[in-house]
Amino acid sequence: MKPAIGIYIPYWFQNCSESDKMFADELFKTIKNSGHYNPLLLNLSKLKLSSQKEALKFCHHNNLALIMHHDSPFFSSNIRYKNNVRFLENCVPFVNSTKAQEIGYNKITTKNILREKGLPVLDDKIVSSLLDLENHLEEGKHYVIKPPDQGAGTGVKLIKKEGQQHHAYHNGKWQKVKISDNKRKDKPNSLTLKYSFNFFKSPFLFLQKINIDFTYNPMLVEPYFNDDAEGFSSLRCTVIGSEVVEAVKRTNHNNITSNVSSGGTAKKFELSDYQKEIAVAAKNAIGADYAGVDFLVSGEKTVIGEVNIGPFTLWHEHSGVNVGKIFGEYLMKKCDGMRK
């Protein structure tokens with residue numbers, strides 16, 4: 001019986017884009033066609049493992065050499081998924097490991113590690129009260145605020161202070177927002193940003209105002225770092241093992257978040273040798289096998305914005321790179337090394 005490589009890619013991810021679907025299909029096909037390993041599709045959210053003994057039996061029965069999961073129990077509300085990962089990881093290596101994911105999903109921890117490794121990151125401020133924020137913000141300067149433990153651009157805003165007021169840039173314009181200490185007992189030492197915007201519910205109905213609030217616990221504040229004439233931009237590259245396999249430039253004209261899912265656009269981009277070097281170093285710093293590394297660029301200077309781990313966007317539609325095939329080859333090479 002050939003050794004098996006367990007693959008868990010949630011159904012919702014495979015339907016996000018053509019690039020994501022191709023990644024899943026090519027990954028499975030590459031392993032299957034190798035003749036050395038069997039791909040085993042796993043649904044880690046539906047397995048019913050209730051003990052370490054059951055997990056060990058499952059691994060032996062399927063001859064599992066390794067499990068990759070392009071998802072994360074840290075952002076899942078599925079308790080079964082989390083428990084299954086906990087049991088299985090004591091029996092077989094995971095790509096990416098729980099330890100690496102735990103680091104990667106905490107922006108503060110990740111940035112501290114990158115800074116300790118001498119990698120270029122922005123100076124930041126961890127804010128847990130309105131007084132801390134007021135003392136940190138300088139009049140008229142632009143800052144980016146974000147939560148320490150959310151992905152996909154959630155809660156990322158461009159703000160500035162003018163007098164006693166705060167403003168956030170939303171959908172192409174600055175608007176007044178209210179930032180206040182959060183009084184909830186379940187979220188001490190946090191701040192809430194409140195803002196509202198108008199939208200047309202339909203072409204035939206009236207203009208409607210929507211009120212939005214978001215709580216940061218704590219709030220991560222960074223200086224705005226971007227001088228791209230095209231708009232708010234960032235570079236994103238996919239790193240697998242010791243190789244940068246694809247890179248794109250993402251641009252958004254209306255909002256600080258350059259994610260395509262937030263209205264941004266993407267196009268193929270060629271990184272410099274230096275950018276490739278620090279991308280691989282950033283992935284290695286948090287102990288990951290693969291990651292999506294974001295860069296911010298201003299003038300001649302590049303800094304690492306984030307190291308994305310778990311289910312992140314892939315870019316075949318723009319880069320033309322078959323990431324699934326490359327990743328499948330990487331997984332098999334990793335298994336080969338473990339068997340020697």
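Trainee: Which residues form one aromatic cluster?
Mentor: Phe23, Tyr290, Phe327 and Tyr330. This is a predicted model, in which local features need pLDDT of at least 70 and side-chain atom pairs count only at pLDDT 80 or more, while totals for chains, interfaces and linings use all residues. Residues are numbered from 1 along each chain as its sequence is written, and side-chain values use heavy atoms, leaving out hydrogens and water.

Trainee: How many aromatic pairs are there, and what makes Tyr8 and Tyr81 one of them?
Mentor: There are 8 aromatic pairs. The rings of Tyr8 and Tyr81 are 5.3 Å apart, centre to centre, and rings of Phe, Tyr and Trp (its six-membered ring) pair if their centres lie within 6.5 Å. Their planes are 65 degrees apart, hence edge-to-face (over 60; under 30 is stacked, the rest tilted).

Trainee: What does the pair of Tyr8 and Tyr81 tie together?
Mentor: Tyr8 belongs to strand S1 and Tyr81 to helix H4, so the pair links parts 73 residues apart in sequence. Helices (H or I, at least four residues) and strands (E, at least two) are DSSP runs, numbered from the N terminus. Both Tyr8 and Tyr81 are buried.

Trainee: How do you know that Tyr224 and Phe232 are edge-to-face?
Mentor: Their planes are 75 degrees apart and their centres 6.2 Å, which meets the same rule.

Trainee: Why is Tyr224 called partly exposed and Phe232 buried?
Mentor: Tyr224 has 26% relative accessibility, so it counts as partly exposed. Phe232, at 9%, is buried. Buried means under 20% relative accessible area, exposed over 50%, partly exposed in between (1.4 Å probe, protein chains only).

Trainee: What makes Lys160 a charge over the ring of Trp174?
Mentor: Lys160 lies over the face of Trp174, 4.3 Å from the ring centre. The rule asks for NZ of Lys or CZ of Arg within 6 Å of the ring centre and within 35 degrees of the ring normal. Arg86 likewise has its charged end over the ring of Phe87, at 4.7 Å from the centre.
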